[in-house]
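Subject: Handover of a structure and the findings on it

Dear colleague,

Please find below the structure that I am handing over to you.

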Amino acid sequence: MVGRPLPPLPPPSALPDWQQADPRWIGEALQHALAPPGGGWFVVDASDRVADRPVKYRVAGRNLVFWRTATGLRAAPDECPHMGASLAAGCVRDGDIVCPWHGLALGERPMGSWRLLPVHDDGVLFWVRLDERGEAPAPAPYLPARPAAFIAGVIRMEAACDAQDVVANRLDPWHGVHYHPHSFKRLRVVEKLDDEITVRVAYAAFGRYAVEVDARFHCPDPRSIVMTIVRGDGEGSVVETHASPIGPGRSAVVEATIATSDRPGFRYALTLARWIRPLIEKRAARLWVEDIEYAEQRYALRAAGAG
């Protein structure tokens with residue numbers, strides 16, 4: 001069992017899912033989710049998507065460049081302090097990023113307002129901290145518990161919505177059977193608290209074969225929601241859904257599926273991780289093509305209501 005014990009399975013509700021999916025509870029749960037400190041940290045992408053060549057990302061309205069050195073990951077503003085060139089078009093030399101326009105090498109030493117930004121690489125995802133966002137800075141992101149041995153797959157997609165719309169989507173598990181019938185066959189709510197929800201869900205595995213598990217959703221920070229399998233096959237596996245703002249009305253959805261198992265054959269599956277990972281990512285991306293539509297519709301309705 002992962003975390004605290006589960007309550008007894010309640011009797012099936014006589015209410016249809018559209019009534020069980022109470023917008024008031026979802027709204028209140030979202031407010032609880034947005035309340036924890038974020039520490040100024042934003043998920044950017046999968047750890048293995050930055051190597052020794054510079055890569056550009058837009059995070060919270062800022063163009064940033066990321067690259068690796070012998071000592072680890074680095075991040076900085078993507079504008080050269082000399083004349084504003086995009087450093088992502090440059091190269092890395094001796095750990096420094098070199099401007100493509102005039103060859104200025106930039107590294108640990110600040111130049112004007114240009115300086116390295118705090119980063120964190122947890123081995124699955126990498127994060128950047130933006131201290132000017134008004135959040136009290138934390139030394140590291142608030143990471144959920146992860147299994148010791150796992151196979152991880154990461155997807156990154158962009159959506160025309162705010163980060164909160166992505167989190168709200170995950171706080172509505174009742175839509176799963178109706179909106180994703182190809183993946184989910186049955187769902188019952190086991191427990192619904194102010195700040196988390198636990199469901200018993202049967203998800204499609206192979207053809208007509210379905211696997212039933214209990215999954216708990218909670219929010220460790222205001223831009224993340226984590227699903228942990230707390231009972232059933234794959235107990236201890238987690239799906240971390242992170243939403244990082246790109247700019248007004250646009251967010252990146254970065255989801256890490258971190259799968260584990262106590263089955264004896266899992267140690268052999270670990271040796272096949274490079275072939276299993278694309279299958280995990282394909283399944284996650286299929287769900288998020290649909291869930292992004294959900295999140296974007298929610299954003300459009302909120303925008304219309306505010307206008």
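In what follows, buried stands for a relative accessible area under 20%, exposed for one over 50%, and partly exposed for anything in between, with a 1.4 Å probe and protein chains only. The model is a predicted one, in which local features need pLDDT of at least 70 and side-chain atom pairs count only at pLDDT 80 or more, while totals for chains, interfaces and linings use all residues. Residues are numbered from 1 along each chain as its sequence is written, and side-chain values use heavy atoms, with hydrogens and water left out.

Salt bridges

Side chains of opposite charge can pair when their charged atoms come close. A salt bridge is taken here as a side-chain nitrogen of Lys or Arg within 4 Å of a carboxyl oxygen of Asp or Glu. The whole structure contains 23 salt bridges by this search. Helices (H or I, at least four residues) and strands (E, at least two) are DSSP runs, numbered from the N terminus.

One of the salt bridges pairs Asp121 with Arg68, with 2.6 Å between the closest N and O atoms. Asp121 belongs to strand E8 (residues 119-121) and Arg68 to strand E3 (residues 62-69), so this pair ties together parts that are 53 residues apart in sequence. Asp121 is partly exposed, at a relative accessible area of 32%, and Arg68 is also partly exposed, at 21%.

Another salt bridge links Asp162 and Arg302, whose closest N and O atoms are 3.0 Å apart. Because Asp162 sits in the loop between strand E10 (151-159) and helix H3 (163-170) and Arg302 in helix H6 (residues 273-306), the pair ties together parts that are 140 residues apart in sequence. Asp162 has a relative accessible area of 25% and is partly exposed; Arg302, at 29%, is partly exposed too.

Arg186 and Glu212 also form a salt bridge, with their closest N and O atoms 3.6 Å apart. Arg186 lies in strand E11 (residues 184-192) and Glu212 in strand E13 (residues 209-218), so the parts tied together here are 26 residues apart in sequence. Arg186 is partly exposed, with a relative accessible area of 48%, as is Glu212, with 42%.

A buried threonine

Thr257 is part of strand E16 (residues 250-259). Is Thr257 buried or exposed? With a relative accessibility of 16%, Thr257 counts as buried. A contact means heavy atoms within 4.5 Å. Leaving aside residues up to four places away in sequence, Thr257 touches Ile151, Ala152, Gly153, Val238, Val239, Ile280 and Ala284.

Cysteines

A disulfide is counted where a pair of cysteine sulfur atoms lies within 2.5 Å. The structure holds 0 disulfides. Cys99 is in no disulfide, and the nearest cysteine sulfur, that of Cys80, is 3.8 Å away. Cys99 counts as buried, at 4% relative accessibility. For Cys219, the closest cysteine sulfur is in Cys161, at 15 Å, which is too far for a bond. Cys219 also counts as buried, at 13% relative accessibility.

Cavity and pocket

On a 1 Å grid over the protein atoms alone, a cavity is a set of points where a 1.4 Å probe fits but cannot get out, and a pocket is an open set with protein on both sides within 12 Å along at least five of seven lines; lining residues have an atom within 4 Å of a point. Grid points are joined across faces, edges and corners, and a volume is the space filled by probe spheres set on the points.

The structure has 1 cavity of 30 Å³ or more, and the largest cavity holds about 30 Å³ of space. Its lining includes Val43, Tyr57, Arg156 and Ser244. Strand E1 (41-46), strand E2 (55-59) and strand E15 (238-247) each supply at least two residues of this lining.

The second largest pocket has a volume of about 200 Å³. Among the residues that line this pocket are Pro10, Asp17, Trp174 and Lys192. Helix H1 (17-20) and E11 each supply at least two lining residues, and E11 gives the most, with 4 residues.

Yours sincerely
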